[in-house]
Amino acid sequence: MPKEAKPRAAKATKAKKDPNAPKRPLSAYMHFSQAKRAEVKEENPDVTFGEIGKLLGAKWKEADADERAPFEEKAKEDKARYEKEKADYTPPEGEDAPAPKKAAPKKKAKKVESEDEASDEPAAKADDDDEDSE
């Protein structure tokens, strides 16, 4: 017997991003990878894009605090720039305005039964079912 065809729900449309909104800040690692990508590519001309990322990640892990410091400073400056632009930014209003982000739904706390509250009814019921099937 074939399954009944269910009507498909319409896809939710994704809110459009405002092109004038401030760009998010880059992390220290991203500043590092932008600066070192050409160097890594030059040293390893035959590697793929993904492998370059792995090599950059390994170099970042090996870097000591002195090597990381300039990139961490750039990241702090970039974050300050973003915070200032975000404070000065007023989103557009109207039909074309992007929808505000919804808060994540709250998770329900699981009810934990203590040993005193736990009952043996399901186990007893399962035993009764076994007797009926004989």
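Select K23 first: K23 is exposed, at a relative accessible area of 55% (exposed means over 50%, buried under 20%, partly exposed in between, with a 1.4 Å probe and protein chains only). K23 sits in the segment before α1 (28–43); helices are DSSP runs of H or I of at least four residues, strands are runs of E of at least two, and both are numbered from the N terminus. The model is predicted, so local features need pLDDT of at least 70 and side-chain atom pairs pLDDT 80 or more, while totals for chains, interfaces and linings use all residues. Residues are numbered from 1 along each chain as its sequence is written, and side-chain values use heavy atoms, without hydrogens and water.

Next, go to helix α3 (residues 65–88) and pick D78. D78 counts as buried, at 13% relative accessibility. Leaving aside residues up to four places away in sequence, D78 touches P25, L26 and H31 (contact: heavy atoms within 4.5 Å). E72, also in helix α3, is partly exposed at 36%. Its C-alpha is 7.6 Å from that of S27, 45 residues away in sequence.

Still in α3, select R81 and E85, which are 4 residues apart, about one turn of the helix. They form a salt bridge with the closest N and O atoms 2.9 Å apart; the term means a side-chain nitrogen of Lys or Arg within 4 Å of a carboxyl oxygen of Asp or Glu.

Now show K36, E39, E43 and K59, which are linked in a network of salt bridges. K36 and E39 meet at 3.8 Å, N to O; they are about one helical turn apart because they are 3 residues apart in helix α1. K59 and E43 meet at 3.7 Å, N to O. That pair links distant parts of the chain, K59 in helix α2 (residues 49–62) and E43 in helix α1, 16 residues apart.

Finally, zoom out: the chain has 4 helices and 0 strands. Of its 134 residues, 12% count as buried.
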